[in-house]
Amino acid sequence: MRQSDALRVEEITRIEALEALREEWRALWLQVPDATPFQSPDWMVPWWRHIGEGELLTLVMRDAAGALAAVLPFYVYTQADGTRTLFPVGIATTDYLDAAVASEAREAVTPLVLPELAARAARWDVAEWPQLRPGSPLLDAPVSPGWTEERDDAEPCPVLDLSLGWESVPLEVRESLARRRARAAKKGAVTYERATDATAEEVLEAHLRLHAARWERRGEDGVLAAERVQRAHRESLPGLMRSGALRLYAMRLDGRIVATVQGFCDPPGRTARRVYFYLGGFDPVVERLSPGMLVVGFAIEDALAEGAAAVDFLRGQEPHKYAWGATDTPTFRRRLIPPR
């Protein structure tokens with residue numbers, strides 16, 4: 001443990017300690033006004049347990065009273081060439097990588113990020129932090145003399161502003177959606193749903209299956225193909241549901257789930273809440289019914305019904321995201337080498 005002015009800095013290097021922090025971390029996450037569901041411990045802890053490789057090097061900062069002020073989740077991964085790279089926990093399968101920092105502590109925490117990491121520079125060589133949003137503490141942390149820094153644009157995230165309600169979606173897309181709904185209704189009983197506590201496991205299992213089927217048809221593995229990734233998603237399910245951050249949507253045809261969208265939402269009580277569409281899946285057998293479009297249309301309507309301010313399609317510049325009316329928002333990559 002190190003003392004940095006009014007903040008105490010602790011290291012977490014074991015999954016057991018990370019798990020023990022979960023409840024306190026969740027309470028902090030709920031209070032951070034710009035934290036996304038990807039900063040929730042219910043996402044982060046399962047990611048590290050099942051997907052993470054290397055050495056955990058997470059920093060925890062507490063104020064003078066012992067209250068949690070920040071969680072900076074990092075780990076060190078040794079590359080094939082021997083380079084020890086400091087990555088944020090969640091990299092590769094996570095969008096909007098970041099720390100969780102209490103609003104009232106941000107001014108104190110941000111200048112300490114790099115000095116605290118420099119104090120541990122014997123354990124890592126280079127930091128690679130992609131997918132940072134404007135205003136991120138990891139992006140704003142000031143560099144001291146002697147550091148080498150690179151900043152680049154990272155992959156943007158298309159976002160649909162919902163301020164105009166359903167009219168935020170282009171007219172031609174709304175009209176096309178209505179026609180496709182009518183066509184699907186002729187093939188059988190079509191229903192749509194957002195998963196509840198009672199149905200979440202069923203919908204997630206269908207989602208894993210349908211996402212895989214979609215990519216298998218292309219001769220590729222999808223993001224969810226690896227068993228360890230699936231285990232992380234299964235473990236994250238209860239906590240994200242309990243906190244109000246999970247959004248799982250399904251389309252059924254004659255009772256059978258034929259399309260899904262896995263998404264998330266900012267927690268209840270947050271102003272200007274955003275819904276995040278993470279991954280979709282559909283049964284290739286019914287592809288001609290445009291099941292992907294149909295379930296996304298329902299998910300957007302549900303986001304509007306609960307008063308969401310925007311739908312974030314996350315990284316990836318696939319044409320269908322822009323067809324819904326989304327426009328790019330920037331993210332950034334930061335690469336840092338500490339002084340030796």
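Begin by selecting Tyr-276 in this predicted model: its bridge partner in β16 is Asp-312.

Next, display the whole sheet. It is open and consists of seven strands in the order β12-β13-β14-β15-β16-β11-β17, with mixed pairing. At its edges stand β12 (190–194) and β17 (327–329), each of which pairs on one side only. On average, neighbouring strands are turned by 30° against each other, direction ignored.

Helix α9 (residues 227–242) touches β13 (246–253), β14 (256–265) and β15, and its direction makes about 110° with that of β13. Helix α10 (residues 291–305) touches β11 (157–161), β12, β13, β14, β15 and β16; the direction of helix α10 makes about 135° with that of β13.

Proceed to the largest nonpolar core, which has 80 residues. Leu-72, Leu-86, Val-113, Leu-117, Trp-124 and Trp-129 have the most contacts inside it. Helix α8 (residues 200–216) supplies the largest share of this core, six residues. Apart from this core lies another, of 30 residues, among them Leu-162, Phe-277, Phe-298 and Val-311.

Centre the view on Trp-129. Its contacts include Phe-74, Leu-86, Pro-88, Val-113 and Phe-332, as well as Arg-333 and Arg-334.

Finally, select Asp-42 in helix α3 (residues 41–50). Asp-42 is buried, with a relative accessible area of 0%. Its side chain is joined to that of Arg-22 by a polar contact of 2.9 Å. Among the other residues that Asp-42 touches are Arg-26, Ser-236, Gly-239 and Leu-240.

How values were computed
Residues are numbered from 1 along each chain as its sequence is written. This is a predicted model: local features need pLDDT of at least 70, side-chain atom pairs count only at pLDDT 80 or more; totals for chains, interfaces and linings use all residues. Side-chain values use heavy atoms; hydrogens and water are left out. A nonpolar core is a set of buried Ala, Val, Leu, Ile, Met, Phe, Trp, Tyr and Cys residues joined through side-chain atoms within 4.5 Å. Buried means under 20% relative accessible area, exposed over 50%, partly exposed in between (1.4 Å probe, protein chains only). Helices (H or I, at least four residues) and strands (E, at least two) are DSSP runs, numbered from the N terminus. Contact means heavy atoms within 4.5 Å. A polar contact is a pair of N or O atoms within 3.5 Å; within protein, one must be able to donate a hydrogen and the other to accept it, and residues adjacent in sequence count only if both atoms are side-chain atoms. Two strands pair if DSSP finds at least two bridges between them. Axes are lines fitted to C-alpha atoms, for helices over the stretch in contact, and angles run from 0 to 180 degrees between N-to-C directions. Lists of a residue's contacts leave out its neighbours within four places in sequence.
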